[in-house]
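Hello,

Here is the structure I said I would pass on. My notes on it follow below.

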Amino acid sequence: MSKYPEKSCEIDRLVTHEKLVAAALAGKKFQQRRAGVYGYPGEQFVLEGNAFVITDLRLETLSKMTEADAKAEGYPTREFYKTLIIKMHPGMEWDENQEVWVHEFEKVKVD
């Protein structure tokens, strides 16, 4: 995977929070931002017996996150996402210039 850096965590850690797993299973979540790479395009992971595949991976700053991206993450608004992320990581300050890896994924279709 010369285009991407080495993984910083295993792909099975990409989506772990119960509400976000439920949102992915319901088709309401198809993006996950992480400080590192958890999976590469074409790689699959499983949530409650359902396979998902990474369809895109890109590096962007938090300032690029739109309201539509927040919804794709499974949150109602960008501000809600920002508030929750800060709450989840005590001592963290929101930095619009922080680079994050955007993992886009979709449920694997079974024929």
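**Fold and largest pocket**

Read from the N terminus, the elements of the protein follow the order α-β-β-β-α-α-β. The radius of gyration is 14 Å, close to the 13 Å that the globule rule gives for 111 residues, so the protein is as compact as a globular protein of that length. Please keep in mind that this is a predicted model.

In total, the secondary structure consists of three helices and four strands. Along the principal axes, the C-alpha atoms fill a box of roughly 45 × 35 × 25 Å. Of contacts between residues at least 6 apart in sequence, 70% join residues that are at least 24 apart.

As for burial and surface, 37% of the 111 residues count as buried. The accessible surface comes to about 6,900 Å², and carbon and sulfur atoms account for 52% of that area.

The rest concerns the largest pocket, which has a volume of about 600 Å³. It is lined by 29 residues, and those closest to its centre are R33, Y81, I85, M88 and H89. Which elements each supply at least two residues of this lining? They are α1 (18–25), β1 (31–34) and α3 (78–88). The largest share, five residues, comes from α3. By type, the lining of the largest pocket divides into 17 nonpolar residues, six polar ones and six charged ones.

Regards

Methods
Residues are numbered from 1 along each chain as its sequence is written. This is a predicted model: local features need pLDDT of at least 70, side-chain atom pairs count only at pLDDT 80 or more; totals for chains, interfaces and linings use all residues. Side-chain values use heavy atoms; hydrogens and water are left out. On a 1 Å grid over the protein atoms alone, a cavity is a set of points where a 1.4 Å probe fits but cannot get out, and a pocket is an open set with protein on both sides within 12 Å along at least five of seven lines; lining residues have an atom within 4 Å of a point. Grid points are joined across faces, edges and corners, and a volume is the space filled by probe spheres set on the points. Ala, Val, Leu, Ile, Met, Phe, Trp, Tyr, Cys and Pro count as nonpolar, Asp, Glu, Lys and Arg as charged, and the others, Gly among them, as polar. The radius of gyration is taken over C-alpha atoms; the globule rule is 2.2 Å times the number of residues to the power 0.38. Buried means under 20% relative accessible area, exposed over 50%, partly exposed in between (1.4 Å probe, protein chains only). Contact means heavy atoms within 4.5 Å. Accessible areas come from the Shrake-Rupley method with a 1.4 Å probe; for residues, only the protein chains shown count as cover.
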